[in-house]
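Here are a few notes to read with the model open beside you. Each point takes up one spot.

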Amino acid sequence: MPLTLLVTNAGRAALVNAANTGTAPVTIAQVGLTATALVPAPEAVALPGEFKRLATISGDVVADDTIHLIIRDESSDVFTVRSLALYLGDGTLFGIYGQADILIEKSAQAMMLLAIDVQFADVDADTLAFGDTNFLNPPATTSVQGVVELATEAEAETGTDAVRAVTPKGLKTAVTSWLNARFGEGAPSAFVKSLLTVASVGAMRLALELKSAALKDEGAGNGLDADLLDGQHGSYYANVPARLGYTPWGPSNDGAGSGLDADLLDGQDSAYFTNIAARLGFTPVRQGGGTGQLTNVVYIGWSGSRVKVQVDASDMGNLVFDGNIADVWRSSNDGAGSGLDADLLDGQQGSYYTNITARLGYTPANKAGDTFTGRVYLDAQASGASGVANASGGLGEAEVKGNGTGAAMLAFHRPGAFAAYFGIDTDNKWKVGGWSMGAAAYPIWHSGNDGAGSGLDADLLDGQDSSYYTNIAARLGYTPWHAGNDGSGSGLDADLVDGWHRDSIRDWNNLLNKPFNWSGQAGQPSWLWGSNDGNNYYVWNPSNFNVNYANSAGWANSAGYADSAGKLSTASGSAPSYSARAWVNFNGVGAVSIRGAGNVSSITDNGVGNYSVNFSTAMPDGNYAAVGIVSAYSTRWDAHLVVPANSGVLPTTYCQVLTSYGGFDSVDLSYVSLVIHR
């Protein structure tokens, strides 16, 4: 079964012609081997764990999507192969195949000769060519000479295999089996074989023992049974009534008077059935068809006591006849004492309902005016959904309506204690008063009538308008301190701090009552603490003085953090010294492991000799410098490290590192170091 090889993105790019209008032929030059069980990926550019690359290969196209490939290695190397890759002449990784099981193992004494069929899922194999080496032994097809497997007799008899070849013996067995299945075991017989050799028609009739009737004795009277039907000539069957024993019914004898029973219904002609009333024994009632009548189905029947009528599916009730007409309400029996239920309401005479209080069980309120002795609850239900701020009328749970001249008001009365009126007075203002409050009405204060001139005491503060309080000096009895009288010489104590003017506070000898030295001791900066402009004061960093933070330091033995340092104690000379933004030392063979690092969160293994160093904190931009070293590869000292810059800009979150040796052959190295400066 062919191995399905994955063509890499780089391989597909190599197949595209220069005009980007189709494919161009490529040459498979080398095969790479690895013991690593891998899952092929289209973005792969190198074979992980590749230990050997062979140019001793031969191949040919054996189908539109399949090549036959032979790989040879005559060295004494010992190895195991699980995955392989095809390389083009320029070193491009064209295709890759991998599996978990061992593909081939080689000992020191053996020569490896690996012959495989490689199938491409979506690449035309005709675009592939191979080097000049030719020791090819491809599988045979209808158009290619090569190796073919012979079919067994069972496979030849089945006849479904399109790959294996059939031997003459197998072909004979298959044909014999097919003939036996079709014509029987041992067919054809000796007699049939003799017929196959007969040279003429006459000889064939003689061999079959056919007489001359086969040529001449056709027709009635020749004495051959083949000319009869059950021993009778055709004329015997022409007399159909004689054969049947009766004359069959047909168009020629159809109709009244034919004497055939098929012309009758239950032995009667059709005229017998046209007299419907005679047949029924009564005259039927016609349904519908009269003036104003519809075609509905009407049912009339006896219920056991009355005649009932139903129209379609609707029960219309009983019919009334002379015998029971007394039960029908009419003008002649209308009125009290008729005994008819229609003269009653729920079985009661009209006088029963005139006593309304007895019927209701309570005395209803009088619309013209009444007194309620219990609690009255007004429930507006859906009509009470509006708020007070609504310009429409007719809302609310209750309405107090005046006569158009007087006030619209309610009376609130605590018997023997207090009573008053509340409502809209004749001047259309909300007021409370009257009764116990005397002949006076008091407006209700609210936001709608608030403000100067309202005449309400609520518009005053302790009986005074706001203008009374604007003369603050008059209210206080003295002039308060403010921006207009602030400053030296105002005579206000608020102009002093503990009796000191500002100029006195600026004299540090007065403030501390001790001498204050602006200059440091010998070997120290001129100022320890002071100001250049008289407003902003700073602390300078003197000699042998440790600080945790300094924006600028000319020289410091120890600094927890410095944005800028002219010289560090670890540097000599006057040139500036810059620390690294990130650094790492890691082992790139097998599972990548970090020996030591700073501002590096992890290492991503992208493939053989391809790593991504991921920063814990990203660089401010891609304009940083990367410096690295690597260990030697095996006994070779030409190993090197490259940091590729795509489009001339390095990424800010990681730095890609490529390790290789010789002619830039990718390889995993055990010692890789990288330092980032910015």
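1. A definition before we start: the expected span of a helix is 1.5 Å times one less than its number of residues. Keep in mind too that this is a predicted model.

2. Now try that on helix 3, residues 168-183. What span should its 16 residues have, at 1.5 Å a residue? The rule gives 22 Å, and the end C-alpha atoms of helix 3 are 22 Å apart, so the two agree. Step just past helix 3 and you reach Gly184, which has a positive phi of about 105°.

3. Next, go to Thr4, which sits in strand 1 (residues 3-7).

4. Last stop, Lys429. Where does Lys429 lie? You'll find Lys429 in the loop that runs between strand 16 (418-424) and strand 17 (430-433). With 48% relative accessibility, Lys429 also counts as partly exposed. Not counting residues up to four places away in sequence, Lys429 touches Gly423 and Ile424. The C-alpha atoms of Lys429 and Ile444 are separated by 8.0 Å, with the two residues 15 apart along the chain.

Conventions:
Residues numbered from 1 in each chain as written. Predicted model: local features only at pLDDT ≥ 70, side-chain atom pairs only at ≥ 80, totals over all residues. Heavy atoms only, no water. Helix = DSSP H or I, 4+ residues; strand = E, 2+ residues; numbered from the N terminus. Buried < 20%, exposed > 50% of the residue type's maximum accessible area, 1.4 Å probe, protein only. Contact = heavy atoms within 4.5 Å.
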